[in-house]
Amino acid sequence: MDCGRVRTLVHRYCAGEENWVDSRTIYVGHREPPPGAEAYIPQRHPDNRIVSSKYTFWNFIPKNLFEQFRRIANFYFLIIFLVQLIIDTPTSPVTSGLPLFFVITVTAIKQGYEDWLRHKADNAMNQCPVHFIQHGKLVRKQSRKLRVGDIVMVKEDETFPCDMIFLSSSRGDGTCHVTTASLDGESSHKTHYAVQDTKGFHTEEDIDGLHATIECEQPQPDLYKFVGRINVYSDRNDPVVRPLGSENLLLRGATLKNTEKVFGVAIYTGMETKMALNYQSKSQKRSAVEKSMNVFLIVYLCILISKALINTVLKYVWQSEPFRDEPWYNQKTESERQRNLLLRALTDFLAFMVLFNYIIPVSMYVTVEMQKFLGSYFITWDEEMFDEATGEGPLVNTSDLNEELGQVEYIFTDKTGTLTENNMEFKECCIEGHVYVPHAVCNGQVLPGAAGIDMIDSSPGPGTREREELFFRALCLCHTIQVKDDDDVDGPRKSPDGGKSCVYISSSPDEVALVEGVQRLGFTYLRLKDNYMEILNRENDVERFELLEILSFDSVRRRMSVIVKSATGEIYLFCKGADSSIFPRVIEGKVDQIRARVERNAVEGLRTLCVAYRRLAPEEYDGVCALLQAAKVALQDREKKLAEAYEQIEKDFILLGATAVEDRLQEKAADTIEALQKAGIKVWVLTGDKMETAAATCYACRLFRRGTQLLELTTKRLEEQSLHDVLFELSKTVLRHSGSLTRDNFSGLSADLQDFGLIIDGAALSLVMKPREDGSGGHYRELFLEICRNCSAVLCCRMAPLQKAQIVKLIKLSKEHPITLAIGDGANDVSMILEAHVGIGVIGKEGRQAARNSDYAVPKFKDLRKMLLVHGHFYYVRISELVQYFFYKNVCFIFPQFLYQFFCGFSQQTLYDTAYLTLYNISFTSLPILLYSLMEQHVSIDTLRREPSLYRDIAKNALLRWRVFIYWTLLGVFDALVFFFGAYFMFENTTVTSNGQIFGNWTFGTLVFTVMVFTVTLKLALDTHYWTWVNHFVIWGSLLFYVVFSLLWGGIIWPFLSYQRMYYVFVQMLSSGPAWLVIILLITVSLLPDVLKKVLCRQLWPSATERIQTKSQCLSVEQSTIFMLSQTSSSLSF
């Protein structure tokens, strides 16, 4: 064991640190700590090379083969190929080896090329130059040679070469602006802060003299979380300990903006950087079609084994007669006679398995993968889903779930930024019960442009003036906004009166709306400089507040606070947050008036926030500061300790007032929800907003209608009744109106049933989900699900991110196992996006976390309509036909071979030639179905958009149900019987050609094969509704290729390729008149049942899709008739 590792372990376990966690120590600039400070333990870390490639030159072949043969189908065909090599089988090993080799080679070439591109990108990244400090001077070297502990200098517009702690910058306030577009897609500038004790080091010599160590957590992939601390040593004193968080960490891949240069120390390099740790893919999701396909494969495998078993038994029954066991032309050798009977039976069984193995379509997997990969481009190329305003189009992060878009039964959507624009506009504020509207009422005075605005309670008394100004100061100070000057970011800021050239930047649009709104009411936030926040009051005087602490916002607390010190020395704690998190902590203020105004604004669909404050005495602040410092420098459970500290600090507030901000509905959001509901999809809204605000939005977007009866399962109601009583009462209500029967999932908009809408909040959901000691928790969940099934829409408000995922999981795992889709735009939606069968991210203003973690991303919510009702519909119909057609054509292929054994003494004689066996699935029948699965449109795009109800025709995996699967299989068996016995009876009566030659078994097999190739191809042509020149070329081209190949293989076109047993066979068959007649007759008879079935079903039991198709055909015929009549009449008049 390495000695350094032993020393590290001894130090860690003997250092006496309580609750030691796995952390690392970094020596800044590789300088040892002063004597007596702590033991110097050199640690090993990886270099800065990034390796995103999977393979090397040496391991590509073995590793790639290993990965490919882990797939069941590939492994199965490998076993069949090995059986053919080991024992004497009726078919050549080439027949299964060549298709397998083709599949493996194509996949290997594709994966090899993709990996070569990754190698190329890695080399470009690893060899780019980096500046770092060595002995007080700047040295340039390649990025891959960077080590943990190196001090790096990065200039403006350069990307950070590793994860590093921000030490200092060229800006006097020790800040820098960063964009993380390559990490999470966010193009907005984020502000990072240098360590307080090192931000004054601006030169290489100063930085090189820094004596410090950094303790931090081991690498982990969360981009938004970092825990560490820095010990800065001076000559005489004890080290100064400062906490380090994500605001001090500059991530690899991020770009420096609007800052001349920064210095930082490398803490994570190479494959330990957060960017590299995020390379790993999400958990694999499997579509319902893929699951059906695997079940069907198992069924066909059982059929294969049954066929082999039946033939093996019948062979030995046949050979039980003495004269059949050893005919004169095939007498056994002595060794064959002495072989064990069981061994002979096993060999024969394996031989039959090889003979019939083509019933399992190996090429289906390749075709399905190609269809999914190529088909995904139809989404990315869709110009209607491109957003001109943002320049963004739809993204496909995985093509494995394309067809799942056509099977969605439940949609779970976020509200803010998904249904709404996330473009906030400040509407009003309420202070001490008095309402202030920007540009309308300010301090009791009517301002210009106030016409038509209701000036409610707008005459504050003289005692309210102080609270009013304190409220405005709170809004100007309680935020994390950065001020960007349009002309010169690093230079002095212009006066706000000089054209208002400043731009507010924040990760939250709410904060910008509030600061801009209060600016219109007379208070302007200027900037943060040297830890002082500057605001301009109504008298145009600049007020300076020292920023002491920021208690950051999080989705659990639902509030944020700042602690500031005024110029007079007073210390204030200002807090803003959701009313549910502020009101319980208030001890003074006009709570009732403000609560009434908040509830009124919420009903109107406005987003509300409450503002409160608390004065801190100096000794109180010292206690607060010590509490926060202890939590901030903790390496273990820092978040938990900070949350406990915040809970102790944020209390005993005096309520100042509340704000109202409007977030408008997205364009066509209401139309989209209405169309989705008509398609039979249930839409649930999961939001963290107030119930009243969310309910108003639901009415606006037509999720709830005027006739919808709202049922409430909220904390307020549970205070009056027990959960048990409320659930049973709601259950009785919905079941009474639906005739005591659970309504179908897709009858949400049925006219004869009462529409119900359920509203539930986070606290009530926790009670429903919470397991009881008496085991009744599961019963509550079932009752809750029963109520939800009978509601046309559900609104879940006051939801934490994990509760959103819980709801999705609850529905996903219910007894119907419906297909779920989650759509959201923020980091708080990621958990439900990952939980749902299909996750869609909206490329919005809350960052790209949702889009990065989703399966698909769209610019707007309205794009969901086309993605599901058009693209999803087409994807599902196409791949369902592909899967069923593959099984059908393989039954047609192999069942005649099974029947042939009854006429050849179960001797394992093949019916088809080796070339036909090999190329049937690879060449003759593969391309038409691939093109069909990419281009087929059974109804037009406009029709699908106009008739959302057509989505119901394919719901619940309708095209891959057992009834449909059995029909396709029986159709294949029928066609195979027609091929075989039709050709057999023709041969029985017409065995001699016109020149006296006799047809042989190869001619018989070729005739069956010819009829089969034409039948399965024409069957696909009959199923095609959308014809283009490509379809014509591929379908008729495939048939022409088969004829040309057969002539070539028979030595007609290319004589030196003459193959002994197939020489002139094809031509000899075509030279017979009866053969031509039989081919045409058998193709017609084979296709007739399917045609009759379609005609009868369309006439007697038409589906909605078939009615639309018939209507469209009638319209087109009518239009063409009118056109012809008009042309005729015009020519007659002429």
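Predicted model: local features only at pLDDT ≥ 70, side-chain atom pairs only at ≥ 80, totals over all residues.

1. An open sheet of 9 strands, with mixed pairing, runs in the order β14-β36-β35-β34-β15-β30-β33-β32-β31. Its edges are formed by β14 (395-396) and β31 (709-713), each of which has a single partner strand, so one side of each is left without a neighbour in the sheet.

2. Within this sheet, strand β30 (residues 682-686) pairs with strand β33 (residues 793-797) in the parallel sense, over 4 bridges, and L686 stands opposite C796 in β33.

3. Helix α21 (residues 691-700) packs on the sheet, where it touches β30, β31, β32 (756-761) and β33, and its direction makes about 150 degrees with that of β33. Helix α24 (residues 762-769) lies across β31, β32 and β33, and runs at about 90 degrees to β32.

4. Turning to the helix pair, the axes of helix α29 (residues 863-900) and helix α30 (residues 914-924) come within 11 Å and cross at roughly 165 degrees; the two helices are therefore roughly antiparallel to each other. The crossing in which α29 passes α30 is right-handed.

5. Which residues make the contact of α29 and α30? From α29 they are F886, K889, N890 and F893, and from α30 they are Y916, L917, Y920 and N921.

Technical notes:
Residues numbered from 1 in each chain as written. Heavy atoms only, no water. Axes fitted to C-alpha atoms, helices over the stretch in contact; angles between N-to-C directions. Parallel < 35°, antiparallel > 145°, perpendicular 65-115°, else oblique. Left-handed = near helix turned anticlockwise from the far one by under 90°. Contact = heavy atoms within 4.5 Å. Pairing = 2+ DSSP bridges.
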